[in-house]
Amino acid sequence: MSPSTIYQRIALGDLTVNNLGQLRKLNEVLFPIEYQSSFYEDALHAGEFVKLVYYNDVCVGSVCCRKDATENGKNSVYIMTLGVLEPYRRLGLGDQLLEHILMEAGKEENAVNSVYLHVQINNDAAVAFYKKHGFEVVRTDKDYYKDVEPKDAFVLEKNIA
């Protein structure tokens, strides 16, 4: 299958009240953390910083971000979750989700200076994925995760401005 055929089968969609259950189910399968109701309530109001990705009209991944204001008046986007179900990885779906977020973050009206996230220190595939997109490891947060091992996380960041 050619890359152009694959991309024709991929679509990004908005999060709505009607498909919120799909996001909940994806997160249960993809991540070792249980997200509270407030996470999903906030996601409903995040606009272009939350997207679902569909492959042949089946929801197979998502990205959820929030916009943070820092003490120096600069804004950043924090990627809370980005994941694609195992059978659909390596088809460019995660790339499309991340590229959408980077494009939105780069829009002048969002005034974002950087995009950042946490990744478990043993998640080599995720670190490689983000580095491929220009992110750098800027620090390690000890004991970042409460109920998963290892508890430490890398902070990866990409400057936009």
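This is a predicted model: local features need pLDDT of at least 70, side-chain atom pairs count only at pLDDT 80 or more; totals for chains, interfaces and linings use all residues.
Which side chains meet in a salt bridge at 2.3 Å, N to O? They are those of Asp14 and Lys51. A salt bridge here is a side-chain nitrogen of Lys or Arg within 4 Å of a carboxyl oxygen of Asp or Glu.

Before going on, a word on the model. Residues are numbered from 1 along each chain as its sequence is written, and side-chain values use heavy atoms, with hydrogens and water left out.

## Salt bridges

A search of the whole structure finds ten salt bridges. The pair from the opening links distant parts of the chain, with Asp14 in the loop between β1 and α2 and Lys51 in strand β2, 37 residues apart. Helices (H or I, at least four residues) and strands (E, at least two) are DSSP runs, numbered from the N terminus.

| Side chains | N to O distance |
|---|---|
| Asp14 and Lys51 | 2.3 Å |
| Asp141 and Arg139 | 2.8 Å |
| Lys151 and Glu149 | 3.6 Å |

Salt bridges that share partners also join Asp14, Glu48 and Lys51 into one network.

How covered are these residues? The scale is relative accessible area: buried means under 20%, exposed over 50%, and partly exposed in between (1.4 Å probe, protein chains only). Asp14 is partly exposed at 43%, whereas Lys51 is buried at 6%. In the second pair, Asp141 is buried at 17% and Arg139 is partly exposed at 44%. In the third, Lys151 is partly exposed at 25%, and Glu149 is exposed at 61%.

## The sheet

Seven strands form an open sheet with mixed pairing, in the order β1-β2-β3-β4-β5-β7-β6. The edges are taken by β1 (10-13) and β6 (136-141); each has a single partner strand, so one side of each is left without a neighbour in the sheet. On average, neighbouring strands are turned by 25° against each other, direction ignored. For such angles, axes are lines fitted to C-alpha atoms, for helices over the stretch in contact, and angles run from 0 to 180 degrees between N-to-C directions.

Two strands pair if DSSP finds at least two bridges between them. β1 and β2 (residues 50-55) pair in the antiparallel sense over four bridges, and Ala11 has Tyr54 in β2 as its bridge partner. By contrast, β4 and β5 run parallel and are joined by five bridges; Ile79 stands opposite Leu117 in β5.

Eight of the nine residues of β5 are buried, so this strand is largely enclosed by the rest of the structure. Gln120 is placed in β5 and counts as buried at 15% relative accessibility. Leaving aside neighbours within four places in sequence, Gln120 is in contact (heavy atoms within 4.5 Å) with Tyr145, Val148, Glu149, Pro150, Asp152 and Ala153.

## Helices

Helix α2 (residues 20-30) lies across β2, β3 (58-69) and β4 (75-84), and runs at about 90° to β3. Helix α5 (residues 124-132) packs on the sheet too, touching β4, β5 (112-120), β6 and β7 (153-159); the direction of α5 makes about 160° with that of β5.

With 14 residues at 1.5 Å a residue, α4 should span 20 Å, and its end C-alpha atoms are 20 Å apart, which agrees. The expected span is 1.5 Å times one less than the number of residues. Ten of the 14 residues of α4 are buried, leaving the helix mostly covered; among them are Asp95, His100 and Glu104, along with Leu97 and Ile101.

## Aromatic pairs

Eight aromatic pairs turn up in a search of the whole structure. Rings of Phe, Tyr and Trp (its six-membered ring) pair if their centres lie within 6.5 Å; planes under 30 degrees apart count as stacked, over 60 as edge-to-face and the rest as tilted. Phe31 and Tyr35 have ring centres 6.3 Å apart and planes at 85°, so this pair is edge-to-face. Tyr130 and Phe135 are also edge-to-face, with centres 5.4 Å apart and planes at 70°, and both residues are buried.
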